[in-house]
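Student: Please take one part of this model and look at it closely, together with what surrounds it. I would like a single connected account, with the cut-offs stated.

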Amino acid sequence: MIEVTATIDLAALRHNFSRVKKLAPKSKIIAMIKSNAYGHGLIHIAKALNTADAFGVARLQAGLHLREAGISQDIVLMPGFLTAEQLPLISEHRLQIVVHHDYQIEMLLQTTLAEPLDVWLKIDTGMGRLGFTLAEVQQRYQQLKTSKNIRTIRFMTHFASVDEVDHPTNALQFKRFAKAKTLLPGEWSAAKSAAIMGFSDTHSEWVRPGLMLYGVSPLNNQSSATLDLQPVMTLTAPVISVRTLAKGEPVGYGSIWTCPEAMPIAVVGIGYGDGYPRHAAQGTPVLIHGKQAPRIGRVCMDMIMLDLRGHEHVKPGDIATLWGQGLAAAIIAEHAETIPYELFCSVTRRVKFIYINAA
């Protein structure tokens, strides 16, 4: 039976990782594998990136799953921790934490741990989300230094707009970042994918690639191909019907699209139940036999419909590519008014995952 399939190309993943190493040769790498490795499969991706220095995750449970799977690299819990009850488990499994709020410092000072922790002190240089301001950070650093629960302290910040190289907030954040480094000498991490590619001055001792690892350009107005990034996920589904409709015949729910002439249409067995974006615009391309066909009508739970005019020899059982090899996820995201991150993370459990080109 032909199924909706997400094919994960681990050779492409390793290629993209090699791009990080080439762009930031003096930096250690925290490979970001949050949200089930951006929907690509947490354990498979971590094992394929066995030369990464560390991994970044967003949930304690993900860190524990990695340890259970035998992953030995450093693991950084990017939001840190929420309760004191989590700290012994974090210590036991040698997880690192990001400290960004006073309540976390209070818990660290009041808790007794069997083994001390490695922490990242987060500084808000203009993201406006998590972290201490420059006016606060030196005092918080001194507080952490007094705790027997702390082994090492590194520093971290996050850039809000580096995907737009000329964004006016970049200069302000870079200025605050430079000042923070003078106040807090030591190991720093600031550069995510866009800064790795666009702002080499921010690389510091550690970089944190995320989106670029999965083959998507992190820079606005530059394609993944231009940046030598290869798609890791290719999402495919079978054609389940090909038929000809008469002029004026409606297609799909709500009859929002009607045939302008007698024409062939295809029905592809994928829908929002698989994670295909329901709000993808009319005309969103789908690849069949190496040629794009526009999507028509409403996205259904299990099906989408295509305009097959100009396509020959398409038949049930043929494979359509929704994004990936030959059709960049960024193009689909633009038609759906979203971002590639959301496309990847929205692929549902009923989709079959296949991993190819393991080392």
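Tutor: In α1, the buried residues (under 20% relative accessible area, with exposed over 50% and partly exposed in between, for a 1.4 Å probe and protein chains only) are L10, A12, L13, H15, N16, F17, R19 and V20. The model is predicted, so local features need pLDDT of at least 70 and side-chain atom pairs count only at pLDDT 80 or more, while totals for chains, interfaces and linings use all residues. Residues are numbered from 1 along each chain as its sequence is written, and side-chain values use heavy atoms, with hydrogens and water left out.

Helices (H or I, at least four residues) and strands (E, at least two) are DSSP runs numbered from the N terminus. The expected span of a helix is 1.5 Å times one less than its number of residues, so the 14 residues of α1 should span 20 Å, in agreement with the 20 Å that separates its end C-alpha atoms. Its buried residues are covered by elements that include the strands β1 (5-9), β2 (28-32), β9 (206-208) and β18 (352-356), along with the helices α3 (42-48) and α9, where contact means heavy atoms within 4.5 Å.

A nonpolar core is a set of buried Ala, Val, Leu, Ile, Met, Phe, Trp, Tyr and Cys residues joined through side-chain atoms within 4.5 Å; the largest one has 112 residues, of which I33, I97, L121 and W323 touch the most other members. Helix α1 (residues 10-23) gives this core its largest share, five residues. Leaving aside neighbours within four places in sequence, W323 is in contact with M233, T234, L235, G275, Y276, P277, A329, I332, L343, F344 and V347. Another core, of 10 residues, lies apart from the largest one, and C259, M263, I265 and I296 are among its members. In soluble globular proteins, nonpolar side chains tend to be buried together.

With a threshold of 30 Å³ or more, the count is one cavity. The largest cavity holds about 40 Å³ of space, a volume being the space filled by probe spheres set on grid points that are joined across faces, edges and corners. Its lining consists of K122, I123, D124, T125, M127, R129, L130, T157 and H158.

Conventions: On a 1 Å grid over the protein atoms alone, a cavity is a set of points where a 1.4 Å probe fits but cannot get out, and a pocket is an open set with protein on both sides within 12 Å along at least five of seven lines; lining residues have an atom within 4 Å of a point.
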